[in-house]
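Here is a short briefing on one protein model. Keep the sequence and the 3D view side by side as you read.

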Amino acid sequence: MSSPQPIPSAGRPLSAGAIALMLMLCLTWGFNQIAVKLVLPDVPPMLQAMIRSMGALPVLFLIGTFRGVKFFENDNTWKPGLVAGLMFGIEFVLIFQGLRLTSASRAVVFLYTAPFFVALGSYQVLGERLGTTQWLGLAVSFAGVALAIGVPQANVDSHVLLGDLLIVLGASLWAATTLVAKGTRLRFAAPEKALGYQVATSIPILGAAALLSGESITHTPSPLSFALLAFQAIWVVGTTFTLWFALVKAYSASKLSAFTFITPLFGVVGSYFIMHDTLSLAFGAAAVLVIAGLFLVNRPSQTAAAPADALLNVTKT
């Protein structure tokens with residue numbers, strides 16, 4: 001069997017605009033974790049995720065229609081779209097169930113193992129090749145995240161370890177969804193359509209999970225909860241997720257995924273200002289590690305680029 005044929009954009013370096021956009025996405029996603037926590041007293045997690053998807057779907061349709069996207073055109077993308085949607089929905093079920101068993105700090109660390117899964121999958125599926133410098137950068141960035149969030153060791157029992165495992169499985173599905181969007185015919189679909197498959201498919205999955213978990217809304221949510229739900233549906237899912245899939249189509253999946261290491265750092269800073277959490281000196285060191293790791297990941301690597309260029313002329317058997 002021959003090596004996988006790389007996607008033409010696999011070796012494309014991130015432009016300054018793409019880096020700026022990724023920083024904005026990570027900032028949004030970091031604050032989104034705070035929004036989810038603030039809404040939890042009024043709306044339980046599975047229902048919250050389902051409502052978010054239900055609210056995002058018409059937003060995607062309106063934006064796509066304005067841009068001339070043909071949502072119902074038969075372009076042979078429905079199969080990978082359905083696969084991505086199933087993974088998208090199950091991903092959030094695993095993450096939220098994991099959060100019931102493990103601590104939030106451990107969950108964040110394990111969730112951001114996703115870039116490693118993307119890097120491994122990009123090599124096998126997309127033909128992207130990371131050199132030693134890029135792998136070192138991934139490791140340094142992950143070390144920074146672990147240092148910033150902290151990995152508590154006390155009171156770790158089988159339930160906590162099961163929660164950790166569920167979070168890692170959710171991270172692997174996040175990575176798999178990215179690879180499907182990049183490595184199948186789904187990459188030819190407009191970002192709104194590619195994400196629409198996922199959001200629409202996730203609604204019944206999350207609804208079934210909420211039903212099985214016995215979740216219900218026992219009182220009228222506060223105005224703040226309504227506003228934060230709208231923020232999640234319209235901006236986070238409807239807009240930033242669309243921008244993410246647009247970037248995935250245009251740039252290296254592994255390099256883009258590495259930038260998500262910044263997200264929990266933004267979340268920690270946001271928690272300091274909004275939820276009055278305490279920042280430690282370790283956070284400053286962690287930020288330096290993450291930035292240094294991202295620099296290494298995006299540094300040109302001859303050992304990574306040369307094989308990828310050579311593979312451009314290889315066809316699948």
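This is a predicted model: local features need pLDDT of at least 70, side-chain atom pairs count only at pLDDT 80 or more; totals for chains, interfaces and linings use all residues.

**Asn 76 and its loop**
- Asn 76 sits in the loop that links α2 (45-66) and α3 (78-101).
- Most residues other than glycine have a negative phi.
- Asn 76 is not a glycine, yet its phi is positive, at about 60°.

**Helices α2 and α3**
- The axes of α2 and α3 cross at roughly 155° and come within 10 Å.
- That angle makes α2 roughly antiparallel to α3, because angles over 145 degrees count that way.
- The crossing of α2 and α3 is right-handed.
- On the α2 side, the contact is made by Pro 45, Met 46, Ala 49 and Arg 52.
- On the α3 side, they meet Phe 92, Val 93, Phe 96, Gln 97 and Arg 100.
- By class, the contact of α2 with α3 holds six nonpolar, one polar and two charged residues.

**Helices α7 and α9**
- Helix α7 covers residues 158-183, and helix α9 covers residues 223-250.
- Their axes come within 9 Å and cross at roughly 55°.
- That makes α7 oblique to α9.
- The crossing of α7 and α9 is right-handed.
- α7 brings Thr 177, Thr 178, Ala 181 and Lys 182 to the contact.
- α9 brings Trp 244, Phe 245, Val 248, Lys 249 and Ala 250.
- The contact of α7 with α9 splits into five nonpolar, two polar and two charged residues.

**The nonpolar core**
- In soluble globular proteins, nonpolar side chains tend to be buried together.
- Here, the largest nonpolar core has 68 residues.
- Met 22, Leu 186, Trp 244 and Leu 256 have the most contacts inside this core.
- Helix α9 gives the most to the core, with nine residues.
- Leaving aside neighbours within four places in sequence, Leu 186 is in contact with Thr 77, Pro 80, Gly 81, Ala 84, Val 180, Ala 181, Ala 194 and Tyr 197.

**Ile 262**
- Ile 262 belongs to helix α11 (residues 262-274).
- Ile 262 counts as buried because its relative accessibility is 11%, and the cut-off is under 20%.
- Not counting residues up to four places away in sequence, Ile 262 touches Leu 23, Cys 26, Val 290 and Leu 294.
- Ile 262 and Ala 287 are 25 residues apart along the chain, with 8.2 Å between their C-alpha atoms.

Notes. Residues are numbered from 1 along each chain as its sequence is written. Side-chain values use heavy atoms; hydrogens and water are left out. Axes are lines fitted to C-alpha atoms, for helices over the stretch in contact, and angles run from 0 to 180 degrees between N-to-C directions. Helices (H or I, at least four residues) and strands (E, at least two) are DSSP runs, numbered from the N terminus. Angles under 35 degrees count as roughly parallel, over 145 as roughly antiparallel, 65 to 115 as roughly perpendicular and the rest as oblique. A crossing is left-handed if the near helix is turned anticlockwise from the far one by less than a right angle, and right-handed if clockwise. Contact means heavy atoms within 4.5 Å. Ala, Val, Leu, Ile, Met, Phe, Trp, Tyr, Cys and Pro count as nonpolar, Asp, Glu, Lys and Arg as charged, and the others, Gly among them, as polar. A nonpolar core is a set of buried Ala, Val, Leu, Ile, Met, Phe, Trp, Tyr and Cys residues joined through side-chain atoms within 4.5 Å. Buried means under 20% relative accessible area, exposed over 50%, partly exposed in between (1.4 Å probe, protein chains only).
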